[in-house]
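I opened the model today to look at how its parts pack together. My notes follow in the order I looked things up.

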Amino acid sequence: MKYFIGYLIEGQAAQWHSRVAREIFEKFNNYKIHEKIPPHLTIYRPFDTTDVGPLKNLLAMWVNNFSESQTLFMNDFGQFDEKVIFASVSAPTSLIKIITDLQIEIRSKGVNSIGETFPSWHPHATLANYLQSEKFKKIWSHVLTLPKPDFSLPFNNVTLFHSTNEEGWEVKEYFPIK
């Protein structure tokens with residue numbers, strides 16, 4: 001089964017994300033990200049495994065040992081390669097290092113993500129993806145007319161998502177950080 005690890009966005013920021021992603025879909029008929037996946041920040045890209053038990057144990061131990069109070073800030077829009085539009089999220093350097101170390105630890109356990117891996121964590125909340133050039137330009141122009149997001153997000157969870165085999169994802173297990 002396919003899984004990925006993320007930070008589940010909750011509260012007003014999640015409502016905002018869903019509303020903006022739905023608005024983009026309704027206006028531009030792109031991929032229905034608002035219906036396919038809960039608002040989140042990816043921590044570890046999708047991977048296949050038949051036994052997720054050891055990884056769940058690792059995540060449970062990791063959140064229990066996580067003691068720093070950290071805050072993320074969703075405060076702008078951004079894009080990747082004219083294919084993805086997202087809400088930008090800034091994180092303290094210390095949290096980026098902690099997440100990068102977690103990614104390394106997960107890989108050391110033999111969990112290999114499907115596709116490209118990145119050297120450090122770049123938190124963002126995707127609003128539109130799988131875009132062709134012309135559609136990207138139209139959506140990007142529209143997004144730049146929207147008020148920028150302005151949310152403080154407590155880094156209070158790590159969440160394991162699983163594929164629904166219908167081009168969608170849902171929460172498999174939520175690991176709260178106390």
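This is a predicted model: local features need pLDDT of at least 70, side-chain atom pairs count only at pLDDT 80 or more; totals for chains, interfaces and linings use all residues.

The axes of H1 (residues 11-28) and H5 come within 11 Å and cross at roughly 130°. That makes H1 oblique to H5. I noted the hand of the crossing as right-handed.

Next I listed who meets whom. From H1, I found Glu23, Ile24, Lys27 and Phe28; they meet Lys135, Lys138, Ile139, His142 and Val143 of H5. I sorted the residues of this contact into four nonpolar, one polar and four charged.

Then I turned to the sheet. I read an open sheet of four strands, ordered S5-S4-S3-S6, with antiparallel pairing. Which strands stand at the edges? They are S5 and S6 (151-154); each has a single partner strand, so one side of each lacks a neighbour in the sheet. Ignoring direction, neighbouring strands are turned by 40° against each other on average.

H1 came up again here. H1 packs on this sheet and touches S3, S4, S5 and S6. Its direction makes about 25° with that of S5.

I looked at one strand pair in detail. S3 (residues 71-80) and S4 (residues 84-90) pair in the antiparallel sense over seven bridges. Phe80 stands opposite Val84 in S4.

Asn129 sits in the loop between S5 (124-128) and H5 (133-143). Is Asn129 buried or exposed? Its relative accessible area is 13%, so Asn129 counts as buried, the cut-off being under 20%. Setting aside neighbours within four places in sequence, I found Asn129 in contact with Tyr31, Ile33, Lys83 and Val84.

Terms used: Residues are numbered from 1 along each chain as its sequence is written. Side-chain values use heavy atoms; hydrogens and water are left out. Helices (H or I, at least four residues) and strands (E, at least two) are DSSP runs, numbered from the N terminus. Buried means under 20% relative accessible area, exposed over 50%, partly exposed in between (1.4 Å probe, protein chains only). Contact means heavy atoms within 4.5 Å. Axes are lines fitted to C-alpha atoms, for helices over the stretch in contact, and angles run from 0 to 180 degrees between N-to-C directions. Angles under 35 degrees count as roughly parallel, over 145 as roughly antiparallel, 65 to 115 as roughly perpendicular and the rest as oblique. A crossing is left-handed if the near helix is turned anticlockwise from the far one by less than a right angle, and right-handed if clockwise. Ala, Val, Leu, Ile, Met, Phe, Trp, Tyr, Cys and Pro count as nonpolar, Asp, Glu, Lys and Arg as charged, and the others, Gly among them, as polar. Two strands pair if DSSP finds at least two bridges between them.
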